[in-house]
Amino acid sequence: LGTFSAIIVDAVSFAAWLFLVAVGLTLVFGVLRLLNIAHGAFYSVGAYVGVYAIGASVSLGWGTALQLVTALAAASLAGMLIGLLVERCVLKRLYGYPEPLVLIATYALFLVLDDLTKMVWGGQSLYATQPRDSLGQIGIGGLQYPVYDIALIAVSLIVAVAVWYTLNRTRIGRCVTAVVFDSEISAAMGIYVGRIKTGTFVVGAALGAVAGALTAPKIAVSPGMGVEVIVVAFAVVVVGGLGSIPGALLGAAIIGLARAVTAHLFPEIEVFAVYLVMAGVLAVRPLGLLAPAEVRRI
Amino acid sequence: MNARRIDWTIVALIIIALLATMTASVVPNWIRYLGQVAASTALASVGVMVLLRAGLLSFGQGLFYFVGGYAVALMNRYAGVTDAFAVVLVAAFGAGLVAAVLGICLAGYRGIFFSMLTLAVSMVMFGIATKLRLFGGSDGLNIGLMSYFGYRPRGPQAQWAGFVFSIWIWTAFAIATHIFLRSRFGRLVQAVADNEIRVEYLGYSVRKVVWAAYLAAGVLAGAGGALAGLSARHVDAQFAYWTTAGDFIFVVLLSGQASVISPAIGAFVLEMLRSYASALFPDQWQSVFGGMMLAIVLFLPAGLDRLIILAWRMIRKVHARSANSLPQGTLS
């Protein structure tokens, strides 16, 4: 029973993290139809900004809640700023280009941003464990877990609900959905398609940075952490179906479960768990579980 | 084609190889080394170009580079094979085998799915390679001196021989790729990028074409990795890292996809850049590299060879005009 509850808690907390990382990626893909490799860089920028914000607020003597709020605010601001710059200066000029070129462009952006974080914050690992340590531990099923990790599950659910609510119950969200379906008709109906695209990209970048800032207290923030994140986030998004928010939730749940099960029962294949799930799902449903059907044009 | 015409690509390749061979003993050491490294990068990049012609961007060619390099190192270390031709052929064959198997799974994917799956496969390989004792962990393996059909050069001679060997291996593989791309089946690679469904209606299997392109790219990257191992006389797990595949993408992006020679231009520029940039800005290499990539995508998406083709057309146009206007000129 101990193992079972440990698997469940690990799965849910890992799934929560996966969803946080992947939601921005899938949102941007849904609206802009491009896979943003630079999302991994937004994540690491967010993590670094988070580390610094937490460090600064700790030295100011602020409480844990205030530390986290500062980190989130700083990270989302940084993410929005970089996202706005990237979209306005680079991606805007690439809409309608062949897919490989756009992919190369986001890859190049990733390289530049990754290097910039190294230049600004140096090559060594940084730590910001204060909020996670000060929140203490909680016992579930006879095992101790950091309260911070459990709280992340709630944060992730809040983000999921907020994104879903914005997309489905607000005016702006409906405009975004309309652009996803057909940007030309939306433009004819008087929606500023360009603004919607810019806005979505900025929000997606901010979500990536927030995910980084929330992860920062759990890990050693070091250069090169963005690459693995982008591959894992892609796996999550692909399992659920590219561009679908419920899909990202489903993908995160499946991959989180697979990772937790293998970590506890078959530790030697844990590294491959993510890829095995992705390969398995893609073999059955090449576009992911919740992807809408696409018309084949001859 | 009703008459057998001279294929200028093949002629140009052979001329380049002959020129390089003749000047090899005159040029300084570092140019020879640069040429050797550029030849290995160029070979792998030709593979990336073949895939890109099919509309597929592979972030995982580092995997085959790794397989090629380690095939050489392992054969040299454990089997004591020192013949350069043998190790390169086995390396290319080994990489081809891996590509053939992986290709069966990957041939069904397009676009970002293909790109990210190839990236995932090479990352898994990198993870395994850094842990396995057989592969020397993250330190890698050293490679001994090579012989060429019994000829065992030592000292400066060995470097000369290595350069000439690399150049001719590059030429041979480039010609083979050119002949493949020129063949009817090879032309289908381009057609797949244009419209898959039409290719299917014409009675060809798109899956087979993509598989063949992936196989060719794997063999080329394997041969390139073998040459890279031979020129540095050392291989490490970095070969399978995603930045290696990024180098090849950069090369193809920079040089364009007009012919199998093009990647050689890009590879040479890349290696020059790398050696200068690492001296000028040692810590900002990645930004320089990414910044250049962005600049090319934004301002010259067709690549450098497009400029050469445009210049060539312009010269021919001017030439043709002056030839046509000659009679008028004589009249007046």
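## Asp114 of chain A

In this predicted model, helix α4 of chain A, which spans residues 99–121, contains Asp114(A). Asp114(A) is buried but forms no salt bridge. Its nearest side chain of opposite charge belongs to Lys118(A), at 4.6 Å.

Leaving aside residues up to four places away in sequence, Asp114(A) touches Ala41(A), Ser44(A) and Gly224(A), together with Gln286(B).

## Extent of the contact between the chains

The size of an interface is often given as the accessible area lost when the parts come together. Here chain B and chain A bury about 3,500 Å² between them, and carbon and sulfur atoms account for 81% of that area. Ile112(B), Phe113(B) and Met116(B) provide 19% of what chain B buries against chain A, more than any other three residues.

The contact involves 40 residues of chain A and 38 residues of chain B.

## Polar and charged features

Between chain B and chain A the number of salt bridges is 0. Polar contact across the interface is found for 4 residue pairs, with both residues at pLDDT 80 or more.

## The side of chain B

On the side of chain B that touches chain A, the elements giving two or more residues are α5 (111–131), α8 (196–201), α10 (242–255) and α12 (285–299). The residues on this side comprise 26 nonpolar, 11 polar and 1 charged.

Definitions and conventions
Residues numbered from 1 in each chain as written. Chains lettered and ligands numbered in written order. Predicted model: local features only at pLDDT ≥ 70, side-chain atom pairs only at ≥ 80, totals over all residues. Heavy atoms only, no water. Helix = DSSP H or I, 4+ residues; strand = E, 2+ residues; numbered from the N terminus. Buried < 20%, exposed > 50% of the residue type's maximum accessible area, 1.4 Å probe, protein only. Lys, Arg positive; Asp, Glu negative; His and termini not counted. Salt bridge = Lys/Arg side-chain N within 4 Å of Asp/Glu carboxyl O. Contact = heavy atoms within 4.5 Å. Buried area = accessible area lost by both parts, 1.4 Å probe. Polar contact = N/O pair within 3.5 Å; in protein donor to acceptor, adjacent residues only side chain to side chain. Nonpolar A, V, L, I, M, F, W, Y, C, P; charged D, E, K, R; others polar.
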